[in-house]
Amino acid sequence: MKSGSEKIAFLKAAEKIGFDKTHRETIKFNISRYNKSVTEGLGIYNNLDLAQNRAGHIKYKVLNDLDKYLIEFEDNFIKNGGKIIWARNSHEAIKEIKKIIKQHDIKGIVKSKSMVTEEIEFNKAIAKKGIDLNETDLGEFIVQRAGQKPYHIVTPAMHMSKEDVAELYHKKFDVAENLSPEELTQFTREYLREKFIESDLGVSGANFLIADTGSIALTENEGNAMLSMSFPKVHIAISGIEKIIPLMEDLDLFWPLLATHGTGQVLTAYNSIISGPRREGEKDGPEEMYLVLLDNGRTNLLSKEKQRQALSCIKCGACLNSCPVYKNIGGHTYNTTYSGPIGAVTTPYLKDFETYSHLSFASSLCGKCTTVCPVKIPLHELLLENRNDAIKQNTASYGEKQVNKWSTTILSSRKLLDMAGGNTKTFLTKQFLAKSWGPRREFPVIAPKSFNQLWKEQQEKENK
């Protein structure tokens, strides 16, 4: 995509969705429930700040020695009987996964919730192979049937009301109209039960990779991830290289932080630690287990001294739920896998900086995202770092450069600032900035006299 077209598409989508009252009411309702739950969930901590600082320190320590921890994890994972695939980008990841599918003659796939599979466009690639693929997380199942991508890191169908989902099921499955949420859930459970039994490949993500044991930690609320790993003969886990934590006992810190910040729970309903394929004497689990370790631009971000902190993210979604921009324009407007403040920081480096640098400017810089982060990522500061890099890399359009040039010249000169009256200044600024200001906001009227002029007049009166 040509530079600038993503920005134009973003602005058009933001303009449309930002004034959609139905969308706003749905998101306001869903996030209000989240806020209530999280406030209650965080009550378990006597010293939340200490827990967040500890978690942030551990993650940042890992990032600074990532090569060491990845080697330790790889050694232990292979000892457990697993197989590692290193993928530099989405293309390599999909290529290797297709080899596994062909080798095992896979006919059906069940997949638990995984943002990294969205990142490499796993579903799109598999659809071309004609293989039956089913998302098994309820929210992911819904958006898959709607032909959409996840709206949110944690709650993929946050933008849909229960009425929307009931209508979708009626169209897709010819069930009765206006089913209740309980009835919709029961239908989905029965539908997927057969898929779990029939499918020969289970695909999952990974919340954490535990270096000292070579294990994968998964957290969920529906049990679908456990079923996706237990029934099929083959299990493929896909993870970014940044998901490492040093020790098994670190889960004691990270699991509650993820649960409380993500959904307001003290602990999610199902927490699994997977240490390789089924062993002799075990009744369930896959015969073979693969782990795809994905770079896909993460080393680009790792090379940035400050922005690398964003790789500490544990994907709780708290920054999205607190962001006034996200709550108005929604997740799909970003047109990226990771939306909201964390997506605005990381996407330019995970994809293409020039194409996606505009996301770092889509922020009020209120700092709320930083205050709610469970691992203390200074997100609003990193957004400013990205903006600074955008200027250094000359990504601004010709129009922006000209406005910056002339505004800097005028604002740097007291003589030029005082040269014209308020009406003239208002007229001139309108000519250049009215379009950017937007049609729904009243353009500000500049005062007839500047503060400098008023100050001088006041001094003259006092000296008489």
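**Entry 1: two loops**

I looked up Lys376 and found it in the loop between helix H18 (368–372) and helix H19 (379–392), where helices (H or I, at least four residues) and strands (E, at least two) are DSSP runs, numbered from the N terminus. The model is a predicted one, in which local features need pLDDT of at least 70 and side-chain atom pairs count only at pLDDT 80 or more, while totals for chains, interfaces and linings use all residues. I noted as well that residues are numbered from 1 along each chain as its sequence is written, and that side-chain values use heavy atoms, with hydrogens and water left out.

Lys376 is not a glycine, and yet its phi is positive, at about 60°. I wrote beside this that most residues other than glycine have a negative phi. Lys376 counts as partly exposed because its relative accessibility is 33%; buried means under 20% relative accessible area, exposed over 50%, and partly exposed in between (1.4 Å probe, protein chains only).

I then turned to Glu121, which lies in the loop between helix H6 (115–119) and helix H7 (122–127). Phi of Glu121 is near 55°, again a positive value in a residue other than glycine, and with a relative accessible area of 36% Glu121 is partly exposed.

Next I asked how many residues of strand S10 (residues 288–294) are buried. Six of the seven are buried, so strand S10 is largely enclosed by the rest of the structure.

Strand S1 (residues 83–87) runs parallel to S10 and is joined to it by five bridges, with Ile85 having Val292 as its bridge partner in S10. Strand S7 (residues 234–240) also runs parallel to S10, through seven bridges, and there Val234 stands opposite Glu288. I kept in mind that two strands pair if DSSP finds at least two bridges between them, and that strands of a sheet pair through backbone hydrogen bonds.

I traced an open sheet of four strands with mixed pairing, in the order S8-S5-S6-S9. Its edge strands, each pairing on one side only, are strand S8 (244–245) and strand S9 (270–274). Strand S5 (residues 208–210) and strand S6 (residues 215–220) pair in the antiparallel sense over three bridges, and Leu209 has Ile216 in S6 as its bridge partner.

Ile216 came up again when I looked at the largest nonpolar core, which has 104 residues, and in which Ile109, Phe122 and Ile216 touch the most other members. Such a core is a set of buried Ala, Val, Leu, Ile, Met, Phe, Trp, Tyr and Cys residues joined through side-chain atoms within 4.5 Å. Apart from this core lies another, of 16 residues, among them Leu168, Phe173, Leu179 and Phe196.

Leaving aside neighbours within four places in sequence, Ile216 is in contact (heavy atoms within 4.5 Å) with residues including Phe73, Phe77, Ala237, Ile273 and Leu291.

**Entry 2: Ala434**

I found Ala434 in helix H22 (residues 422–437), and it counts as partly exposed because its relative accessibility is 33%. Beyond its neighbours within four places in sequence, Ala434 is in contact with Thr429 and Phe443.

**Entry 3: the whole protein**

Finally I noted that the protein has 23 helices and 10 strands, and that 50% of its 464 residues count as buried. Its C-alpha atoms fill a box of roughly 100 × 55 × 50 Å, taken along the principal axes.
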